[in-house]
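Me: I'd like to go through this protein with you, one question at a time. Could you show it first?

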Amino acid sequence: YYEMQELGYNYRITDFQCAHGISQLNKLDKFIKRRREIVEKYNDKLSSIEEIILPVEKPDIKSSWHIFPIRLQLDKLKESRREIFKALIAENIGVNVHYIPVYYHPYYQKLGYKKGLCPNAEKYYESAITLPIFPAMSDKDISDVVNVIKKVINYFSRSY
């Protein structure tokens with residue numbers, strides 16, 4: 001969970017950060033290639049789980065997959081996203097939540113924005129969990145994530 005308490009500023013990056021960024025550009029194709037391999041493995045191993053919805057890449061798009069968000073079919077599960085999230089964390093899977101509706105942040109709440117403003121965004125937020133995806137993930141890491149997802153979803157499934 002993260003929250004914005006006050007309005008922030010968009011400061012400029014330093015010369016050192018720019019130099020580091022430029023050096024990383026040389027690795028970009030390799031990073032994207034590995035992320036796409038991970039997504040292929042996730043899709044292959046998780047597509048049969050009816051309690052989750054996997055992200056879709058349209059045919060004319062080539063995603064770099066900076067995140068891999070799955071959506072929980074909460075009507076097919078006994079618990080909320082929060083409980084499933086906690087179970088995944090307890091199994092040492094570094095999941096995350098993206099993205100909280102901006103008007104949920106205290107700064108915007110103080111300005112008078114109320115929950116219910118964007119029901120589709122809220123529904124998405126309540127059902128989304130982001131799985132680990134980074135170029136240094138090993139195939140064993142991917143298998144571990146997949147196995148734990150299956151275990152946790154099985155445990156919370158309404159069909160069992």
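**Walking through the fold**

Reply: In the protein chain, take contacts (heavy atoms within 4.5 Å) between residues at least 6 apart in sequence: 72% of them join residues at least 24 apart. Keep in mind that this is a predicted model, where local features need pLDDT of at least 70, side-chain atom pairs count only at pLDDT 80 or more, and totals for chains, interfaces and linings use all residues. Residues are numbered from 1 along each chain as its sequence is written, and side-chain values use heavy atoms, with hydrogens and water left out.

Me: In what order do the elements of the protein chain run?
Reply: Helices (H or I, at least four residues) and strands (E, at least two) are DSSP runs, numbered from the N terminus. The chain has six helices and three strands. From the N terminus on, the order is α-α-β-β-α-α-α-β-α.

Me: At what angle do α2 and α6 pack?
Reply: Two packed helices are described by an angle and a distance between their axes. For α2 (residues 28-46) and α6 (residues 139-156), the axes are 10 Å apart. Those axes are lines fitted to C-alpha atoms over the stretch in contact, and angles run from 0 to 180 degrees between N-to-C directions. The angle is about 30°.

Me: Which residues of helix α5 are buried?
Reply: Buried means under 20% relative accessible area (1.4 Å probe, protein chains only). Helix α5 spans residues 119-127, and the cover over its buried residues includes β2, α3 and β3. The buried ones are Glu122, Tyr125 and Ser127.

Terms used:
Buried < 20%, exposed > 50% of the residue type's maximum accessible area, 1.4 Å probe, protein only.
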